[in-house]
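Hi,

Here is the structure I promised to pass on to you. Have a look at it first, and then read my notes below.

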Amino acid sequence: MAETSEDAGIKKTSPAGSQDHIGALPDALLQQILSSLPSRDAVRTCVLATRWRTLWKSVPSLRISTAGERYGNAHELNKFVNHLLLLRDRTPLLECEINSHDSYNDADEAFRYIELWLRYAVSCQARVLRVDVSQDTRLCLSDVPLLSECLMRLELSFVEVEGHFLDFSSCPALKVLKLKHCAIKAERILSPSLSKLIIYDAIFCSNGRTRISAPSLVTLQLDEFAGYTPLLEPMQALVRAFLRFEENCDDYCANDNYFGDCGSESCDGCSYSKFYDKDDCVLLKGLSGTMNLELISQSDLFIGRMDFKWRVMFIQLKTLLLSDWCVAADFSGLIYFVQHSPILERLTLQLECYEEECTIKKEDSYNPRSRFLVSQHLKVVEINCRQEDETIHHIVKILGTHGVPPECINIKSNFRGLERK
């Protein structure tokens with residue numbers, strides 16, 4: 001009789017590695033794993049085993065991307081996504097990410113269904129929405145506002161928004177809004193709940209200044225935009241604000257007036273300001289409640305100085321960073337903020353490219369007879385500059401004659417430029 005494995009005392013075991021350890025995980029954990037994959041890869045798992053056949057239908061994320069995918073053309077991509085949305089369960093979405101980088105040279109077809117997909121995600125209670133088309137032309141979204149009780153974060157890149165799309169009064173859970181490389185044609189960005197707003201490399205092109213109404217905002221970043229500066233409505237919860245104005249900002253005077261009131265009808269910047277801003281404070285009232293402020297601008301832009309007439313106080317401001325614009329026109333920016341910031345603790349001046357002939361118009365601009373009160377809390381003044389020249393000496397003299405002792409002023413020369421955020 002042939003010897004059996006039992007007779008030989010040998011116990012049969014499964015070959016090493018033959019067990020499906022991943023497949024043994026509960027459905028909820030498998031769906032969480034699948035949710036981190038591009039949606040096309042998540043669908044492909046249906047061929048692994050019977051249990052995997054329908055798991056992809058209830059994955060709580062959509063990740064649509066052309067990066068690394070080979071759909072052949074934009075039509076095939078659209079065909080896949082439309083079938084995906086038709087066949088998946090109506091499971092609530094935690095996240096929807098649409099990255100359409102045009103490798104098919106067919107923007108019309110690539111854009112055809114993107115807004116439909118976005119609004120599908122909203123209807124599935126998506127908490128996070130990201131749309132990045134990265135095309136030579138921007139995706140134009142309709143002016144119909146989003147309606148969502150669940151949306152908490154919205155990120156848009158390379159899109160054009162107009163009308164009421166940026167009215168988020170029907171999105172009570174929205175906390176974060178990021179707009180990068182966008183064209184903004186809306187009259188207002190409105191959100192009672194928003195706590196963080198980032199606008200980078202955008203174009204403001206509405207009739208009149210776009211108004212930003214976000215009373216619950218805690219963090220504001222407005223960086224390197226084109227067009228006219230948006231008007232900031234009061235933000236009493238604001239803790240940190242970073243604003244950078246560069247050459248594409250239209251708030252400048254063709255006649256070198258530093259306060260935007262040259263009176264010439266041929267000056268587009270001053271004429272625009274006179275027409276739209278006669279009853280409005282554009283920046284400073286909106287920023288007045290912040291604790292930390294970085295205000296970076298070229299010297300020839302008047303957008304900061306034009307609001308001085310409103311005499312806005314910064315009663316909570318503790319740390320302040322100013323750039324070259326603050327030393328132009330008799331150090332008016334520097335003097336204004338030190339005068340109107342009663343609890344200021346730290347002042348940083350980053351002076352990169354000012355022109356000395358633009359800083360001092362009259363020798364008595366820093367005369368002790370016109371002294372003002374400096375915050376008693378101001379303990380640190382840091383001046384970053386290319387070299388210690390006459391302008392730097394005037395700054396030290398201004399601060400010194402008004403109560404800031406030399407030991408509190410730290411001058412760092414060989415400054416090479418502002419750090420990019």
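Predicted model: local features only at pLDDT ≥ 70, side-chain atom pairs only at ≥ 80, totals over all residues.

**Aromatic rings**

As a reminder, a pair of aromatic rings is described by the distance of the centres and the angle of the planes. The structure holds 10 aromatic pairs. Take phenylalanine 314 and phenylalanine 337: their ring centres are 5.1 Å apart and their planes stand at 45°, so this pair is tilted.

Tryptophan 325 lies in the loop between S18 and H8, and phenylalanine 337 is in helix H8, so here the parts tied together are 12 residues apart in sequence. As for phenylalanine 337, its relative accessible area is 0%, so it is buried. If you want to pick out the whole group on screen, select Phe259, Phe308, Phe314, Trp325, Tyr336 and Phe337, which ring pairs link into a cluster.

**Cysteines**

How many disulfides does the structure hold? The count is 0.

**Open sheets**

Now for the strands. There is an open sheet of 5 strands with parallel pairing, in the order S4-S6-S8-S11-S14. At its edges stand strand S4 (139–140) and strand S14 (226–227); each has a single partner strand, so one side of each is left without a neighbour in the sheet. Within this sheet, strand S6 (residues 159–162) runs parallel to strand S8 (residues 183–185), and 3 bridges join them. For a landmark, find glutamate 162, whose bridge partner in S8 is lysine 185.

Another open sheet has 3 strands, again with parallel pairing, ordered S9-S12-S15. Which strands stand at the edges of that one? They are strand S9 (188–190) and strand S15 (231–232), each with a single partner strand, so one side of each has no neighbour in the sheet. S9 pairs with strand S12 (residues 211–213) in the parallel sense over 3 bridges, and isoleucine 189 stands opposite isoleucine 212 in S12.

**Two covered strands**

Strand S16 (residues 240–245) is mostly covered, with 5 of its 6 residues buried. Strand S13 (residues 219–223) runs parallel to S16 and is joined to it by 5 bridges; there, aspartate 223 stands opposite arginine 244 in S16. S16 also pairs with S17 in the parallel sense, over 6 bridges, and phenylalanine 245 has serine 297 in S17 as its bridge partner.

Is strand S20 (residues 380–384) enclosed or open? It is largely enclosed by the rest of the structure, because 4 of its 5 residues are buried. Strand S19 (residues 346–350) pairs with S20 in the parallel sense over 5 bridges, with arginine 346 partnered by valine 380 in S20. S20 pairs in the parallel sense with strand S21 (residues 409–412) too, over 4 bridges, and glutamate 382 has asparagine 410 in S21 as its bridge partner. From S20 the chain crosses through helix H9 (residues 390–400) to S21, a right-handed β-α-β crossover.

**Two positive phi values**

Most residues other than glycine have a negative phi. Aspartate 201 has a positive one, near 50°. This aspartate 201 is in the loop between strand S10 (196–200) and strand S11 (203–204), and at 34% relative accessibility it counts as partly exposed. Phenylalanine 331 also has a positive phi, near 60°. Phenylalanine 331 lies in helix H8, and it is buried, with a relative accessible area of 0%.

That's what I have for you.

Cheers

Terms used
Residues numbered from 1 in each chain as written. Heavy atoms only, no water. Phe/Tyr/Trp six-rings, centres within 6.5 Å; stacked < 30°, edge-to-face > 60°. Buried < 20%, exposed > 50% of the residue type's maximum accessible area, 1.4 Å probe, protein only. Disulfide = S-S within 2.5 Å. Pairing = 2+ DSSP bridges. Right-handed = clockwise from strand over helix to strand, strands pointing away.
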